[in-house]
Amino acid sequence: MGVDLRQVLAGILTLTMFVMLGHMIKRDHFDSVQEKFPGPTKDVAKVTPVRSLNKKGAIPWKNDVQELKQCWSKPEYDEGRQSKGYVTFSLTDGPEYHVSQIADAVVVARYLGATLVVPDIRGKELGDKWSFGDIYDVEKFIESLDGVVKVVKTLPSEISPRKLSTVKVPNRVTEDYTSEHVEKVFKKSGNIRLATYFPSVNMKKSTTSSDGDSVPCLAMFGTLELQPEINEVIESMVERLKTLSRKSNGQFIAVDLRIEMLGENGCQEASGSKSCYTAQEIALFLRKIGFNKDATIYLTQPRWENSLDDLKDLFPKTYTKESIMPADKKAKFLNAESSEYEKVIDFYVCSQSDIFVPAISGLFYSNVAGKRIGLGKNQILVPATIRESTASASNFISSYITKKNHLAYSCFC
């Protein structure tokens with residue numbers, strides 16, 4: 001009995017489509033999954049080195065920076081709505097949270113006609129506290145909001161911070177929520193302290209847009225600039241990584257992989273999808289989509305640990321902060337008791353890298369993606385377990401990019 005070649009070809013095409021569909025479903029799950037904080041670390045098995053899957057000298061880098069322009073215009077301020085009250089708040093948990101907390105505070109203060117007080121910055125440990133100016137440029141922050149909301153550096157001395165009413169608001173707070181849940185407290189007490197909570201780390205844009213979008217857009221993408229010393233450290237690290245990447249035209253990969261986040265059960269597969277990937281899994285993923293041993297990789301892991309050896313076996317040019325930070329800056333920015341500076345450095349290096357690979361799903365991934373979209377850097381590769389021997393890197397571009405469904409696409413066009 002003869003074989004119909006058309007049927008064979010149709011079968012192959014059908015199988016290929018199912019494989020691609022499976023990868024797309026996993027990317028969507030990774031983008032929408034809740035952030036997890038798993039338990040203790042486990043070691044991973046050694047990776048058996050494999051040959052480069054590309055032709056000699058060929059690696060899947062793409063120079064497709066697509067510069068976008070801001071879609072929002074600076075909203076005008078209604079002087080008639082200015083009240084005598086103040087809104088205070090703190091930035092917590094790292095820069096991926098800071099951008100959202102700033103946006104929520106600006107939205108609330110503007111709606112209430114209140115004066116916004118420049119926030120302090122607090123770490124996870126009791127007593128970990130910095131001034132806003134230790135990390136960000138205070139004057140640029142105030143200047144960026146001029147005409148949008150009134151901002152002062154400190155709360156007037158006659159107002160006691162201990163007597164402020166604390167109001168919790170959800171991330172991406174709306175004017176409707178502020179009217180219903182915040183305004184009454186503000187009018188009664190005159191001054192409030194905001195605390196943002198995160199019911200979801202999903203940063204997909206809403207299906208409806210309004211003129212009010214200009215306020216959160218400005219707050220998220222137009223207010224925060226690093227203070228000069230930190231900016232210089234980040235620039236020197238990025239230049240160092242580019243120098244180490246001579247064989248890949250000065251391009252490097254940043255991988256958000258932190259050992260403490262990869263717990264005993266934190267990266268287990270559920271319903272065919274995962275929320276994080278180990279060093280071994282990232283190594284195999286990068287190799288199978290075509291990167292060779294000359295690729296330079298930056299890891300957000302603060303210091304080297306044995307479980308990262310699997311990645312270095314396949315990609316010898318893999319570095320953590322301790323190996324590329326200027327020696328005279330380590331005492332302040334790397335060897336400090338708190339990791340706040342390290343988080344900031346990671347966020348901005350990942351935003352500026354040629355390719356970003358989030359080994360962990362969560363708000364860091366989502367807000368780095370937003371920052372990169374604003375910079376026109378679309379190369380965000382969401383990892384997956386690849387059953388085939390090779391795969392195209394383009395199959396793993398973040399759905400934030402391929403579907404243009406990130407909140408940032410409401411702000412840039």
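What follows is a walk through one predicted chain, from its overall make-up down to a few single residues. Because this is a predicted model, local features are used only at pLDDT of at least 70 and side-chain atom pairs only at pLDDT 80 or more, while totals for chains, interfaces and linings use all residues. Residues are numbered from 1 along each chain as its sequence is written, and side-chain values use heavy atoms, with hydrogens and water left out.

Let's start with the whole chain. Its secondary structure comes to 13 helices and 12 strands; helices (H or I, at least four residues) and strands (E, at least two) are DSSP runs, numbered from the N terminus. Of the 413 residues, 50% count as buried, where buried means under 20% relative accessible area, exposed over 50%, and partly exposed in between (1.4 Å probe, protein chains only). For contacts (heavy atoms within 4.5 Å), take those with a separation of 6 or more: residues 24 or more positions apart account for 77% of them.

Now for the strands. Strands of a sheet pair through backbone hydrogen bonds, either parallel or antiparallel. Here two strands pair if DSSP finds at least two bridges between them. Strand β8 (residues 191-197) pairs in the parallel sense with β1 (residues 86-88) over 3 bridges, and Val 87 stands opposite Ile 192 in β8. Strand β7 (residues 165-170) also runs parallel to β8, joined to it by 6 bridges. In that pairing, Lys 168 stands opposite Ala 195 of β8.

Strands β9 (residues 252-256) and β10 (residues 296-299) are parallel partners over 4 bridges, and Ala 254 stands opposite Tyr 298 in β10. Axes are lines fitted to C-alpha atoms, for helices over the stretch in contact, and angles run from 0 to 180 degrees between N-to-C directions.

How do α2 and α5 pack? Helix α2 (residues 95-112) meets helix α5 (residues 214-221) at an angle of about 140°, with the axes 8 Å apart. The two are therefore oblique to each other: under 35 degrees counts as roughly parallel, over 145 as roughly antiparallel, 65 to 115 as roughly perpendicular, and the rest as oblique. On the α2 side the contact is made by Val 99, Ser 100, Ile 102, Ala 103, Val 106, Val 107 and Arg 110, and on the α5 side by Val 215, Pro 216, Ala 219 and Met 220. By class, that gives 9 nonpolar, 1 polar and 1 charged residues, with Ala, Val, Leu, Ile, Met, Phe, Trp, Tyr, Cys and Pro counted as nonpolar, Asp, Glu, Lys and Arg as charged, and the others, Gly among them, as polar.

Helix α5 also holds Ser 214. Ser 214 is buried, with a relative accessible area of 11%, and, not counting residues up to four places away in sequence, touches Trp 72, Ser 73 and Pro 75.

Finally, look at Leu 91 in strand β2 (residues 90-92). Leu 91 is buried, at a relative accessible area of 0%. Leaving aside neighbours within four places in sequence, Leu 91 has contacts including His 98, Ile 102, Phe 132 and Tyr 136. Asp 120 is another contact of Leu 91; the two are 29 residues apart in sequence and 6.3 Å apart in space, C-alpha to C-alpha.
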